[in-house]
Amino acid sequence: MKLPDENKLEKLKKRRQRIAFIILGTIGYSIVAILISILTFIIVKGISVISWDFLTSMPEEGMTKGGIFPAILGSFYLVTGSIIVAFPIGIMAAIYMNEYVKHGTAKKIIKQMTNNLAGVPSIVFGLFGMALFVNKLGFGDSIIAGSFTLGLLILPIIIRTTEEALKSVDDTFRQASIGLGASKWQTTKNVVLPIAFPKIITGMILSIGRVSGETAPILFTVAAYFLPRLPHSIFDQAMALPYHLYVLATSGTNISESRPMAYGTALVLVVIVLFTNLLANALRKYFSNKVKM
Amino acid sequence: MIKLETINANVYYGASHALKNISMQLESNTVTALIGPSGCGKSTYLRLFNRMNDLIENIRIEGEILIDGKNIYQKGTNVDSLRKSTGMIFQKPNPFPKSIFENVAYGLRVNGINDAAFIQERVETSIQQVALWDEVKDKLKKSAFELSGGQQQRLCIARALAIQPSIILMDEPTSALDPISTSKIEELMYELKAKYTIVIVTHNMQQAARVSDKTAFFYLGELIEYSQTKELFTNPKIEKTQNYITGRFG
C-alpha cells in the first residue's frame, strides 16, 4: 500500500482546522452580537425618557408621565431582603453538605432536593409564597413576603456556588488546622470560609441578577400595580421594576403612551443588573487578592 | 529511646491494601526518612501518627501504632491532644489567610489560650526557631501570603512548633520549593532534631541521604528495608532497594 502524499494530508488537516475555527468563532461572536443588539435596542428605545426626574419621581397621569422611583426602591428592597433571607441559610446548608457529611445519604438527599428546588418554575414559587407567607403566616402582600419567596428561589444558586467554593479549598488547609488541634467548626470558620469567600461572592452576583429580574414570584406576594406612595415598612406592599415593566407594557391606562416609559424601565433594570454584577466582580477580585495563594 | 512504633500495622482503603504488616521502631531525636515510589504507602504511614488518616472515608486500620509506648488508636484516646503533640508540614506551603502573627498564634488560640503575653512569647520563639524572625519581625501584621514560598513553608513549621509538639511529620516539605529554600529547611531539620522527633516523606533521595539518620524504603505497601541512612544508601541489603536508589525504577 502506498502512503498518501504527506503535503496533501497536511493541507487537509489545516483546512479542517480552519473550518472548525471559523464555525466556533462565528458562534462565539454571534452570542456577543445577540447581547449587543438587545442592549442597543433597549438603549435606543429607552434613552429618550431617561432623566433625573424619571429616576427620582413618582409615576403620574396613569403612568404615562412621571418617573419610576418607587419601582427602583422596591426592587432594591427585594434584592436586599431576599439576600438577607437566603444567604445565611444557603451558606450553612452548603457548609453542612461539604464539611460535615462529605458522603452519605444525608448529603445525597439534600443535594437532590436542592437540584429539584432549582428546577421548580418561578410562578410556582410565587403561588407557594402567596399560600405560606401572604396567607398562612399573615404577612399579607408585603416586602417581607416577597423577600422570603425570592429568597427560596435563589437558595439553590447560593447553595451550589457556595458548595463549589468550599470544594475548591485545598484539603491540606483543613488538615493543617485540624493537625493543630482545631475542631471542625473552628477549621471551617477560621480557615475554609475565608479562603472560599471570594468565590461565595459569585453566588451573590448571580442571585442579585436573578432576583432583580424575576416577575412571577413577586406577582402574588408583594408587587403593587400602582402605589402612589413609598412603602412604610417591610409589611407594606411595594412596586418593583420587572412587574412595573409588565404593567406598563400590557395593562396601563394608555399602552401606546406609556410604551417609552416601559423601555426606559427596561433600560434602568438592565443597567442596575449590569452595575451590580460589575460591583460584585470588583469585590470578588478585591477579596481574592487579599487571600492569594 | 523509641518514640514511635508500629506493630503489624495494616491499612486498607476500601478493598486496596495500602500498608502491609509494617513493624518498625523510630527513635526520638532523630530524622527518619521514608522513601519509595509514588503510591508505596509512605504518606499513609506518616499519617498514622497523627491519625490524619481518620479523615478519609472507608479506611480501615489494623495493628498497633504506639507513641511513647501508648497505643494511639485505643478507645478513649484524645485525638485532639494527640494531634497537638504532632506537628504536620505539607508538600505545598499552606499558611492560613491571616497575618503572619496570627498564623503562628492559630494553634494556641483554637486550643483556648487567650493570654496575650504568652501568645506573644510563643509566636516570637517559634518564628525564631525557624530562623525567620529577622525577615518578618517588622511585618508580623502583614498577610502571610506576602511571604515567598520558602518563607511560607518556614512559617508553617513555626505554626506547628508554637503548640509545642514532640513529633514533626513532614510530607515532602520541600518539593514545591527552590534549592535555596530547600537547603534552609534542611538545615532547620538538622537543628530541630535536638528537641523533636522528625519523620519526613521525600521523593528526593539526595535529600533523604543528607538529612536523615535512618531511612525506610517502602514499595507497594511493604517495608522493604529499614536501616541507618548511610548503610541503606551505600550498602543496601535488598536488591529492590539497590534498584530504587540507583534509579533503575521509581
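**Entry 1: B:Glu124**

I looked up B:Glu124 and found 17 C-beta neighbours inside 10 Å, so B:Glu124 counts as partly exposed. The rule I used places C-beta atoms from the backbone and calls a residue buried if 20 or more other C-beta atoms lie within 10 Å of its own, exposed if 12 or fewer, and partly exposed in between. B:Glu124 sits in helix α4 (residues 116-129) of chain B. Helices here are DSSP runs of H or I with at least four residues, strands are runs of E with at least two, and both are numbered from the N terminus. I also checked B:Val104, which is 20 residues from B:Glu124 along the chain; their C-alpha atoms are separated by 8.9 Å.

**Entry 2: what kind of model this is**

I note that this is a predicted model, in which local features need pLDDT of at least 70, side-chain atom pairs count only at pLDDT 80 or more, and totals for chains, interfaces and linings use all residues. Residues are numbered from 1 along each chain as its sequence is written, while chains are lettered from A and ligands numbered from 1 in the order in which they are written. Chain B averages a pLDDT (the predictor's confidence in each residue, from 0 to 100) of 92, and 99% of its residues score at least 70. For the model I wrote down ipTM 0.88 and pTM 0.81.

**Entry 3: strand β6 of chain B**

Which residues of strand β6 point which way? From β6 (residues 86-89) of chain B, B:Thr86 and B:Met88 point one way and B:Gly87 and B:Ile89 the other. All four are buried. In a regular strand the side chains alternate between the two faces of the sheet. I then looked for the partner: β6(B) runs parallel to strand β7 (residues 167-171) of chain B, and four bridges join them. Strands pair if DSSP finds at least two bridges between them. Opposite B:Thr86 stands B:Ile167 in β7(B).

**Entry 4: domains**

I took the domain bounds from an automatic or database domain assignment. In chain B, domain 1 covers 1-78 + 169-174 + 197-250 and domain 2 covers 86-164. Their C-alpha centres lie 27 Å apart. Domain 1 of chain B gives eight residues to the contact and domain 2 of chain B gives six. A contact means that the C-beta atoms of two residues, placed from the backbone, lie within 7 Å.

In chain A, domain 1 is 6-49 and domain 2 is 52-290. Here the C-alpha centres lie 33 Å apart. Each of the two domains of chain A puts eight residues into the contact.

**Entry 5: where the chains meet**

How many residues of chain B are in contact with chain A? I found 19, in contact with 20 residues of chain A. On the chain B side, the elements giving two or more residues are α2 (79-84) and α3 (100-110). That side has nine nonpolar, five polar and five charged residues. Ala, Val, Leu, Ile, Met, Phe, Trp, Tyr, Cys and Pro count as nonpolar, Asp, Glu, Lys and Arg as charged, and the others, Gly among them, as polar.

**Entry 6: chain A as a whole**

I counted eleven helices and two strands in chain A. From the N terminus on, the order is α-α-β-β-α-α-α-α-α-α-α-α-α. The C-alpha atoms fill a box of roughly 80 × 65 × 35 Å along the principal axes. Of the 293 residues of chain A, 39% count as buried.
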